[in-house]
Amino acid sequence: MGISRTSCTLASFTYIDVWVFHDEIAPRALFHTLVHATQMEPLGFERYVELYVCGFVKDRSWLAIPLEEQAYKLEARFGRELRGHFFRRG
Ligand SMILES: [Zn+2]
């Protein structure tokens, strides 16, 4: 199975307890991957994949997958918190 890089570049891929990163592991990419690992834990791998694939098929967009939407929202929040931590005065 190939992944087209024309519309999207995946920073990482989560397969149960194996995390594969496309590039250097940045804090946000690691956090995003941890969100997926956390999503997978209560759902189980098969249900997670079912929801992920159905989410993609519905709108044909990685960003419209509810599991990705949640991961990107939490990743953005993590990024804001990370910036606040490093640039906070006092
Ligand atoms: Zn993701």
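R28 sits in helix 1, and in this predicted model it makes a handy place to start. With 15 C-beta neighbours inside 10 Å, R28 counts as partly exposed, because that class falls between the cut-offs of 20 or more for buried and 12 or fewer for exposed.

**R28 and its contacts**
- Leaving aside residues up to four places away in sequence, R28 touches E75, F78 and G79.
- G79 is 51 residues from R28 in sequence, yet their C-alpha atoms are 6.4 Å apart in space.

**Helix 1 against helix 2**
- Two numbers describe how a pair of helices packs: the angle between the axes and the distance between them.
- Here, helix 1 (residues 27–43) and helix 2 (residues 45–59) pack at about 120°, and their axes are 7 Å apart.
- The crossing of this pair is right-handed.
- Helix 1 brings Q39, M40 and L43 to the contact, while helix 2 brings F45, R47, Y48 and L51.
- Sorted by type, the residues of that contact come out as five nonpolar, one polar and one charged.

**Helix 2 on its own**
- Helix 2 has 15 residues and spans 22 Å from its first C-alpha to its last, close to the 21 Å expected at 1.5 Å a residue.
- C54 belongs to helix 2, and it is exposed because it has 11 other C-beta atoms within 10 Å, where the cut-off for exposed is 12 or fewer.
- Between the C-alpha atoms of C54 and I65 the separation is 8.0 Å, with the two residues eleven apart along the chain.
- What follows helix 2? That would be R60, which has a positive phi, near 55°.

**The hairpin**
- Strand 1 (residues 12–15) and strand 2 (residues 18–21) run antiparallel, joined by four bridges.
- If you want to trace one of the pairings, F13 has V20 as its bridge partner in strand 2.
- Two residues lie between the strands of this hairpin, and I16 takes a positive phi near 55°.
- When looking at side chains here, keep in mind that in a regular strand they alternate between the two faces of the sheet.

Methods. Residues numbered from 1 in each chain as written. Predicted model: local features only at pLDDT ≥ 70, side-chain atom pairs only at ≥ 80, totals over all residues. Axes fitted to C-alpha atoms, helices over the stretch in contact; angles between N-to-C directions. Left-handed = near helix turned anticlockwise from the far one by under 90°. Contact = placed C-beta atoms within 7 Å. Nonpolar A, V, L, I, M, F, W, Y, C, P; charged D, E, K, R; others polar. Expected span 1.5 Å × (residues − 1). Pairing = 2+ DSSP bridges.
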